[in-house]
Amino acid sequence: MAEALHDLSRAASSRLPELALLQVHRLVKRFGALTATDEASLEVRAGETHALIGPNGAGKTTLIHQISGALAPDGGGLFFDGEDVTALSMPQRVCGGLVRSFQITSIYRRFTVLDNVVLAVLARRPVAPSWWRPARADEAAYADAEAMLALVGLTAMADRAAGTLAHGEQRQLELALALAARPRLLLLDEPMAGMGPDESARMVELLSALKAQRLTLLLVEHDMDAVFRLADRVSVLVSGRVIATGTPDEIRNDAAVRQAYLGDEAEAADRADAMDAADAAGPSARSHPAKEGA
Amino acid sequence: MTEPITGPIIGPITEPVTTRHTLLHHRALGAWAWALLVALAALPPLLQALGLEFYTVVATRVLIFAIAAASLNLILGFGGLVSFGHAAFVGLGAYTVGVLADAGIGSAWIAWPAAMVVSGVAAAVIGAISLRTRGVYFIMITLAFAQMFHYLAVSLKAYGGDDGLPLAARSILSGLPLSLADDASFYWVALAVFALVFAGLRRLVNSPLGWLLQAARENETRVAATGGRVFAVQWTAFVVAGAIAGLAGALLANLNGLVSPHLMHWSQSGQLMVMVILGGAGALWGGPLGAVAFLLLEELLSGVTIHWQFALGAILLVVVLFAPRGLTGLVARRSARSKEAAHG
């Protein structure tokens, strides 16, 4: 398990934290008259956990779709590790290390949990898949897949059909599939979507473990407790534009953000309280601030 | 699918704890496959002893359609791609043999691989275009291509046009001590080809390529999001299936002694689809079992009534309604139940 974590972080930790691993440059996406992404710009530094927040309909998922390659932007550019990836297909981006998870769980429901992860391992290999060697005897793929299952805590479920898992477990599997693709930057589209408090807590723990290994994360999430607990920096998306980027403290105190996103003062105060509670919950819950890590 | 360990375990367990239960791996019959092969090989002398030589030809026909249906099952069953034009590849293979024989090239060593190449190339082109579409569009595009080849064959006056092209003799297998002119020998060759094709397809289905093909059937977006090249995987399977169908066509041309545009008619594609669905789409034995069931039913029912297709339709309806996983699904369910009963 530790080895798998090490592998995941190897690419990320070898880079300077100040370097932008992902650069979203004035991205534009229109659907008819609606401009879903309106010259959005964003930088995700290597090794950081970057949260993308915004009210419903702000265009967060649309932006994730464009970064992952599911949607082609109408304007602007995407640079991953200094390379222009705007024209690359989704599989090409995945092989480069730009991997996403889905807001709506996307797993192979009829296959076993272990099948799911083995398929993810086989899919991400850059070489053409063998026609001849039995996949079931592919020890390297199985070793990888079992490590990923251990990482997300689903080892005991390996033989179950994925569709029969509880919702929270399916979300963990979703994360395992993304991790199996060996991301250098992981786009997490609402990993806590539809989860109960216990399940959310477990997911936060999992993401904290990834963060501790300095895997670069771009996290879209509605759960503000989780966002302020995990994120080194936060970007706020409103109507397809990034209106502010900063540390959680800066974002909390940003007047424009409060007005556009957090709503009235009272609600903002509630959010701040929730965050303080999260801080008090334990020193391990909140990892090192961004400036400390280098 | 490891059996549970019942005996004493000696030494440390180095195996992973999980039993690696997988739904992607498809088993053939194991050692029973060899027994089946021997039994099938014994069929011609048996039929001769019973004075039923005619059925050797029927059995050969079943084997050839088993090959064609197994190849369609690769893309339809394992790939989830409903191709409605598979007969085009069978027909192209048959025409390749016919045209080569017409030009004086009767060697099976040349004509049969040539049939596979021609059908494979056609599948490469058709696949490259049609695999960019999905659902009803995919069905319609594959159907349209097949009909195009059908009408092309009709228009080839030099090769008989609508009436087709008769073969003067069956292909020559030089170097082997058998002549395809002999029905029993031809049956054995068809059986050998079937066994090789089936073993190869089993290998392919259980390889990483085959697993990704099945994965794309279940959830294409997930394959792409983990870095899999869905198009390349499906295209490869499409070409392999086309080439194997071409080989079936080469055998069929020899069996019928005639190649005609009817081989590529859409109803022939439909017949192959019925075989696969009847036998069990996405099950290793689905194609062969469906071909056996379909052709035997045809043989039986057509002896009773000229409206045999009506009865066949009714049977197909029953299968789709009560055994959606086809005949292999029924067998699998039965064996699972008896296994459960045996374990208490």
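**A sheet in chain A**

Modeller: Four strands of chain A form an open sheet in the order β2-β1-β4-β5, with antiparallel pairing; strands pair here if DSSP finds at least two bridges between them, and the elements themselves are DSSP runs numbered from the N terminus, helices being H or I of at least four residues and strands E of at least two. This is a predicted model, in which local features need a pLDDT of at least 70 and side-chain atom pairs count only at pLDDT 80 or more, whereas totals for chains, interfaces and linings use all residues. Residues are numbered from 1 along each chain as its sequence is written, while chains are lettered from A and ligands numbered from 1 in the order in which they are written.

The edges of the sheet are β2 (34-45) and β5 (83-84) of chain A, each of which pairs on one side only. Strand β1 (residues 20-31) of chain A runs antiparallel to β2(A) and is joined to it by nine bridges, and within this pairing K29(A) stands opposite T37(A) of β2(A). Helix α2 (residues 60-68) of chain A packs on the sheet, where it touches β1, β2 and β4 (75-80) of chain A, and its direction makes about 60° with that of β2(A); such angles run from 0 to 180 degrees between N-to-C directions, the axes being lines fitted to C-alpha atoms, for helices over the stretch in contact.

One residue of strand β1 of chain A deserves a separate word, namely R26(A). Its phi is near 45°, a positive value in a residue other than glycine. Most residues other than glycine have a negative phi. R26(A) counts as partly exposed because 13 C-beta neighbours lie inside 10 Å; a residue is buried if 20 or more other C-beta atoms, placed from the backbone, lie within 10 Å of its own, exposed if 12 or fewer, and partly exposed in between. A positive phi, near 60°, is also found at R214(A), again a residue other than glycine, which sits in the loop between α7 (197-212) and β8 (216-220) of chain A. R214(A) counts as buried because it has 23 C-beta neighbours inside 10 Å.

Elsewhere in chain A, strand β9 (residues 233-238) has bridges to two other strands. Strand β3 (residues 49-53) of chain A runs parallel to β9(A), with four bridges joining them, and I53(A) has V236(A) as its bridge partner in β9(A). Strand β10 (residues 241-246) of chain A runs antiparallel to β9(A), with five bridges between the two, and here V236(A) has A244(A) as its bridge partner in β10(A). β9(A) and β10(A) form a hairpin with two residues between them, and S239(A) in the turn has a positive phi of about 50°. β9(A) is mostly covered, since five of its six residues are buried.

As for the chain that holds these strands, chain A contains eleven helices and ten strands, and 47% of its 294 residues count as buried. Among its contacts between residues at least 6 apart in sequence, 70% join residues at least 24 apart, two residues being in contact if their C-beta atoms, placed from the backbone, lie within 7 Å.

Confidence needs attention before any of this is read closely. The mean pLDDT of chain A is 83, and 82% of its residues reach 70 or more, pLDDT being the predictor's confidence in each residue, from 0 to 100. In chain A, confidence is lowest in helix α1 (residues 2-13), at a mean of 49, and highest in helix α4 (residues 113-124), at 95. Over residues 9-17 of chain A the pLDDT is below 50, and beyond near neighbours in sequence this stretch has 22 contacts in the model. Residues 281-294 of chain A also have a pLDDT below 50, with 17 contacts in the model beyond near neighbours in sequence. Where pLDDT is low, the predicted coordinates should not be read in detail.

Finally, chain A has a partner, with 33 of its residues in contact with 30 residues of chain B. On the side of chain B that touches chain A, the elements that give two or more residues are α7 (183-205), α8 (208-218) and α9 (220-225) of chain B, and α8(B) gives the most, with six residues.
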